[in-house]
Amino acid sequence: MKSSWLDTNTFHYSDFADLEELVALKERKGLSISLCLPTLNEEQTIGKEVLIMRSELMTRYPLLDEILVIDSDSTDRTREIAAAFGAKVHLASEILPRMESFRGKGENLWKALYIAQGDIIVYIDADIKNIHHRFAFGLLGPLLRTDTIKYAKAFYDRPIAAGKNKLRPTGGGRVTELVIRPMFSLFFPELTMILQPLSGEYAGYREILEKIPFPIGYGVETSMILDIRERWGMDVIAQVDLEKRVHRNQDTKALGKMSFVILKTFLNRVERMGVLDIRSPLHDEMIQYQLEGDRGFRPDPFLVRGLERPPMIQVPEYRSKFKVQDAQEAMV
Amino acid sequence: MPNYLDALPALVEGIEAILETVITNVVLIGQIPAPTFREKRRIQTVLDRMAELHVDEATTDGYRNPIGIIRGTDRSKPPIFVVAHLDTFSTNEEEVHYTVGKNSVTGPGITDNSLGVGVLISLPELFRRLGLRFSSDIVLAGVIQSLGRGNLRGIRHLLKTWSTPVRGAVVIEGIELGRLNYYCDSMIRSEIECRIPTDRNVDSRFRTNAVLVLNEVINQILQLRMPQRPNTRVVFGKVSAGVKHGDIALNGRLGLEIQSKEDRMVRSVHSDIRDIVEGIGHEWKADLQLRTVSNVHAARLPFAHPLVKAGSAILKRLGLKPVSSHSESELSIFLARGIPALTMGITRGTNYHLENASMEIRPMPTGIGQVIAAIMAIDAGVCDEVKLA
């Protein structure tokens, strides 16, 4: 395992706190940058996220060129509040209307590629209570400063060392530590160096994001890492310590569903890569049980079709909008 | 018409255009907890933010009040102070999280005084974007240990150790837009603590009750004669006692303020209350202590002072009716030192000291505009002619 990757490709957001330098790099390279916030009923946090990002990274330092909210039919005031603070708000269901619409974070991220104008797309979850502009500039830093890095992923809570000779856990959540890290350790040990593979904040160049498929739901973070590593190797990936992140906690049942989706995505990937031969089809239902009365148990199945969107570059509307000419570009 | 009044419409319009930066500062500062005496993290955040916003100097004084200085064009002019107290009533030491709505920001401490501090640290950016330069240095101070037992220690220390004369000052409070404070009453803030001694020979059911003792204290204070001129009053603001509904309360605490237009009346009433406390403590066999938490002396600008006139004209020009009442905030320390000063509020709000305190966004440009216009008025010389006694 190349442990040097940890040393060379791991950063702290404060490494990139000189925003004037980042803006100069962006301008020198002739790049444009889009921030995308996928939403579903986030009225408690969306206003603050758009406000702070716009003030600090558009008005004061022109690092971002646009802030997009891709919404999954929120029933609260998410879209109204986001628009009031200057975000471009889109309903996911109205993007690429020729295609069947699905509901899920991955779906919104994928459709953002079609809507966004930027050469770099920054994805940030919309439920972060302690949002700060470091969440965006921290991820952009490695992409702008190092030509070989094409994808940057967040991690949190100063994981490795807490002081001299003191070690702490990596700060990953339960699903990371109980599901993803064991699976990575079994099949792709070098991916264990990505400390929080499920973190919802990452940024990448369009030139790679448009060439990978997107699961429509929770599996999108897992598939993104596996696909980018497989096609371009670990050296294009960086990870950035964004310190503390406060967000909604999910209960164990919800995490169980999330784990199911992630495992399914993972197993499909490893089979496709020829690493594992799965002899019978994987099932589509996660079955959990609920207590009913004193002694009864009621199954509570959760259907996951495991749908994936194809690489965006294969979508005719996208090829037309972004004038993708080279047939080779479409080869995935 | 003075320039600062002429400038108001353009000021408010200009502020409107960069309001998101001000709200961002309010949120980023406000989410850092700052209970009185435990403001350390917020001090650092204010300093960092001031440095990011390019003040000419960002530092702390000997008491750790964070200070930013914007250099003026005329070194012969004394500085103008703009202050907002840094501490909040909320005792929560964990990071808090504000909610930004279409026309509101909600969260503990927002109205008193995270909003004021947010506006304070936004001033360098506002001045730059509005193209404003001043002949005086502008000293931006987020003063610590202001509330309650803090007893305005931050501002007291800052002014006590400041080596040059001060031209004038504006005190920023988040709430309420339209306030124009230019005088403060004399005040002593006290706490009466009652403890019932534990005596093993007395059945707990028959012990003296701290609630009843404090009730007697209140009754006797209410019997004191308070003159209407100079207007004098006692405000009972806080009370707590006991542990359980069914148990005799063995301790209790009463918080009160004595307020008057004149120092001598406050001292006189305080002396009367001390007698009451000693008498009741003796007769009820309770350990009753009167402690002074904080105090300020009566001080005021005359209504005819040019700074008050300017403040009033600014508010009227903005379509606001000035509302004046006494204020025992940082204003009192400026006035006591003979420095002309005003307190102004930025916007309107609700639930001031609750966890769900909320402020309105829409009136903010007007509130910020009046503060900047008041600074312009001081810089134009409205405080230079009239010396306070």
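Residues are numbered from 1 along each chain as its sequence is written, and chains are lettered from A and ligands numbered from 1 in the order in which they are written. Because the model is predicted, local features need pLDDT of at least 70 and side-chain atom pairs count only at pLDDT 80 or more, while totals for chains, interfaces and linings use all residues; side-chain values use heavy atoms, with hydrogens and water left out.

In chain A, eight strands form an open sheet with mixed pairing, in the order S1-S11-S6-S9-S5-S2-S3-S4. Strands (E, at least two residues) and helices (H or I, at least four residues) are DSSP runs, numbered from the N terminus, and two strands pair if DSSP finds at least two bridges between them. Strand S1 (10-12) and strand S4 (88-91) of chain A are the edge strands, each pairing on one side only. On average, neighbouring strands of this sheet are turned by 25 degrees against each other, direction ignored. Within the sheet, strand S5 (residues 120-123) of chain A runs antiparallel to strand S9 (residues 202-205) of chain A, to which four bridges join it; here Ile121(A) stands opposite Gly204(A).

Helix H3 (residues 46-60) of chain A lies across strand S2 (33-39) and strand S3 (66-71) of chain A, at about 160 degrees to S3(A). Such angles run from 0 to 180 degrees between N-to-C directions, with axes fitted as lines to C-alpha atoms, for helices over the stretch in contact; contact means heavy atoms within 4.5 Å.

The largest nonpolar core has 144 residues, and Met53(A), Ile124(A) and Phe334(B) are among those with the most contacts inside it. A nonpolar core is a set of buried Ala, Val, Leu, Ile, Met, Phe, Trp, Tyr and Cys residues joined through side-chain atoms within 4.5 Å. Buried means under 20% relative accessible area, exposed over 50%, and partly exposed in between (1.4 Å probe, protein chains only). Helix H11 (residues 364-379) of chain B gives the most to this core, with ten residues. Residues up to four places away in sequence not counted, Met53(A) touches, among others, Leu35(A), Ile124(A) and Phe135(A).

Glu42(A) is found in the loop between S2 and H3 of chain A. Glu42(A) has a relative accessible area of 9% and is therefore buried. Beyond its neighbours within four places in sequence, Glu42(A) is in contact with Asp76(A), Thr78(A), Ala126(A), Asp127(A) and Arg248(A).
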